[in-house]
Amino acid sequence: MFDYVVVGGGSAGCVLAARLTEDPLVRVVLLEAGAPDSSVLIHCPAGLALMAKVKGMNWGFETVPQPGLGGRRGYQPRGKVLGGSSSINAMCYVRGQHGDYDGWAASGNPGWSFDEVLPYFKRAEHNTRGADAWHGSGGPMQVQDLSQPNRCSSLFVQAAQQAGHALNPDFNGSTQEGVGPYQVTHCNGERCSAAKAYLSPALDRPNLQVITGAQATRILFDGRRATGVEYLQDGARHQVMARVEVLLSAGALQSPQLLMLSGVGPGAHLQSLGIPVLHDLPGVGQALHDHVDVVQVVDAPQATDLFGLSFTGLRHAVSGALEWRKHRTGTLTTNFAEAGGFIRSSPQQAAPDLQLHFVIGKLVNHGRTTVFGHGYSCHVCLLTPESRGSVRLASADPLAAPLIDPAFLSTPDDMDRMVAGVKLMREILAQPALTGLGGREGAASASARSDAQIAAYIRQFADTIYHPVGSCRMGPGADDVVDASLRVHGLQGLRVVDASIMPRIVAGNTNAPTIMIAEKASDLIQAGAGPV
């Protein structure tokens, strides 16, 4: 028996476990399906290049066939390890736009405006630039400038300025628009995941128990009150009970899955699978959306000698590994996506609706495909997609992967703005700062010149940039899943605390906002917001 059972040891779950156990009288158990975060591939920042190939720490889900992607199945990597996706992501620290959160509040979620969530962003952060009106100091999550950025990243920023985009040294300050270097979640030359920042310092607390290799299979109820969680570990079935609340932090793909396995969700769908309906809640699994993204690869022998599959690249990778092992410095402290920007697909857009990630390497198929030679890549993703999909159960088997349908590019407007984004990205990459490297656009995209050809290219190669949200949407409506205190509508003792609650995706990477959500949730929980 515990006071709180936290399901999922990812970004949100680590925050909840650490914050709630600051009170020595509160007992918490954290269930994580994956293993402890002990791999060197996690702690060495450049290890992320291999994460797509290492299935042990990655759920490696796929979508259902996507008409918007020409019938292809998309790739859906999710962290399966303590720290969750913060242990396998590219470590870019981005909050989104101020208006994102004002929009959440305006849609019926009091307490979630930018001015109201900014203190939680600052509380979570230790920014090595120092505290100011926008940033915090002394928080668990260390945020810093890259210590040894690759020279090509600054050339990209110069090229973007040559194309007419403004320099912005801080995407998380007064305005997001512009181009510049990303700040990253690093500490002393290592990745600063949510597990390292929040959970590791709390592991010695006697009121916290962490159980790894524990896959939750259903939430237990007494009537309409959540009382515990059933999980599998090493083939054996176990139960842990919650005296106060069950806190579901399994992410935008698996939080709705676990709710539905437990009889909470669209009644007709559950009945079709033989699952008894405890609570017919139509919004569970609905409104899934994500940042659709496409990458342009440039072959450039003069661009970089890091990680290109050649003798020179191998020599530098080996010397970099030795330096990182000894000093935690050098080329292996890169996050690859070192620079980027936030731009508008057209002057008519009220705010940036496209994000760029410049990558110091040739990125093909999310890194799952090995490519030879030196070069660089640039992502463009749509920040404000209108397309909406769903998460559904494939069967009543809790070990079966969910049916994931982001409905990528299912609206004409999404495709139109992605086409505009490819043109703008190509314009930047064609500027003198980069062409001096002798780059040549990869064959996959080079032949796509007309709008129709670019759209066909996007359908053939686009995919997620790893930001699924919205499947347990926060709001007061009949199709919403949780209220503004993150309590599941119509039930007691159950909250969802992760990216699935976002009413609308933020304009940027989703890890920092997810940590903010959990920071705010910990206060709501400790304050006993509403009946439990």
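The following questions and answers go through selected features of a predicted model.

Student: How are residues numbered, and what limits apply to this predicted model?
Tutor: Residues are numbered from 1 along each chain as its sequence is written, and side-chain values use heavy atoms, with hydrogens and water left out. The model is predicted, so local features need pLDDT of at least 70, totals for chains, interfaces and linings use all residues, and side-chain atom pairs count only at pLDDT 80 or more.

Student: What length does helix 15 reach from its first C-alpha to its last?
Tutor: Helices are DSSP runs of H or I with at least four residues, strands are runs of E with at least two, and both are numbered from the N terminus. Helix 15 covers residues 511-526, which is 16 residues. The expected span is 1.5 Å times one less than the number of residues. For helix 15 that expectation is 22 Å, and the model comes close to it, at 23 Å.

Student: How many residues of helix 15 are buried?
Tutor: Buried means under 20% relative accessible area, exposed over 50%, and partly exposed in between, with a 1.4 Å probe and protein chains only. Helix 15 is mostly covered, and its buried residues number 14 of 16.

Student: At what angle do helix 1 and helix 15 pack?
Tutor: Axes are lines fitted to C-alpha atoms, for helices over the stretch in contact, and angles run from 0 to 180 degrees between N-to-C directions. Helix 1 spans residues 11-20, and its axis is 8 Å from that of helix 15. The packing angle is about 35°.

Student: Which residues of helix 1 make the contact with helix 15?
Tutor: Contact means heavy atoms within 4.5 Å. On the helix 15 side, the contact includes Asn511, Ile515, Ala518 and Ile525. On the helix 1 side, the residues are Ser11, Ala12, Val15, Leu16, Arg19 and Leu20.

Student: Where does Asn509 lie, and which residues does Asn509 touch?
Tutor: Asn509 is in the loop between strand 26 (494-496) and helix 15, and counts as buried at 9% relative accessibility. Its C-alpha is 5.5 Å from that of Val94, although the two are 415 residues apart along the chain. Not counting residues up to four places away in sequence, Asn509 touches Cys92, Val94, Gln355, His357 and His467.

Student: What is the phi of Leu409?
Tutor: Most residues other than glycine have a negative phi. Leu409, in the loop between strand 23 (403-405) and helix 11 (412-429), is buried at 6% relative accessibility. Its phi is positive, near 55°.

Student: In which strand is Ala287, and what is its phi?
Tutor: Ala287 is in strand 17, residues 286-288, and is buried at 11% relative accessibility. Ala287 is not a glycine, yet its phi is positive, at about 65°.

Student: Which residues are in contact with Ser445?
Tutor: Ser445 is in helix 13, residues 443-446, and is buried with a relative accessible area of 2%. Leaving aside neighbours within four places in sequence, its contacts are Gln296, Arg426 and Tyr457.
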